[in-house]
Amino acid sequence: MLRTVELVRGHLNAKLRISTILLTMYDGRTRLATQVADDVRSHFGDVVLQTIIPRSCPRLGSAELRQSVITYDPASSARVALRGSGRELAYRAVTA
């Protein structure tokens, strides 16, 4: 991802910057997922949203049926996390 950003900066948009990173497909049962999340937060700091979108079966099933997770399974943890990330983005837009 960082190489792609640098390529775009060099050839198309010198002012391009990473404004927000949202961690997705997170499986809190694995040490690797936790380590990756910690490493991303350590490297990028406040650019990383606090909300993490979990890897969840309802979200994967909704993709197969071409439905949003909100309509497929309104009570899922993925839906709750997506709403949380939306709130964070909205808050950042207001305070920026």
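Student: Hi! Which strand does threonine 51 lie in?
Tutor: Threonine 51 lies in strand E2, residues 48-54. Strands (E, at least two residues) and helices (H or I, at least four) are DSSP runs, numbered from the N terminus. This is a predicted model, where local features need pLDDT of at least 70, side-chain atom pairs count only at pLDDT 80 or more, and totals for chains, interfaces and linings use all residues. Residues are numbered from 1 along each chain as its sequence is written, and side-chain values use heavy atoms, with hydrogens and water left out.

Student: Is threonine 51 buried or exposed?
Tutor: Threonine 51 is buried, at 17% relative accessible area. Buried means under 20%, exposed over 50%, and partly exposed in between (1.4 Å probe, protein chains only).

Student: What does the side chain of threonine 51 make a polar contact with?
Tutor: With the side chain of glutamate 88, at 2.5 Å. A polar contact is a pair of N or O atoms within 3.5 Å; within protein, one must be able to donate a hydrogen and the other to accept it, and residues adjacent in sequence count only if both atoms are side-chain atoms.

Student: Which residues of H5 are buried?
Tutor: Ala78, Ala81, Gly84, Ser85 and Glu88. They cover an arc of only 120 degrees around the axis (using directions from the helix axis to the C-beta atoms), so they sit on the same side of H5.

Student: New topic: how many salt bridges are there?
Tutor: The whole structure has 2, counting a side-chain nitrogen of Lys or Arg within 4 Å of a carboxyl oxygen of Asp or Glu. One of them joins aspartate 27 and arginine 29. Aspartate 27 is buried, whereas arginine 29 is exposed.
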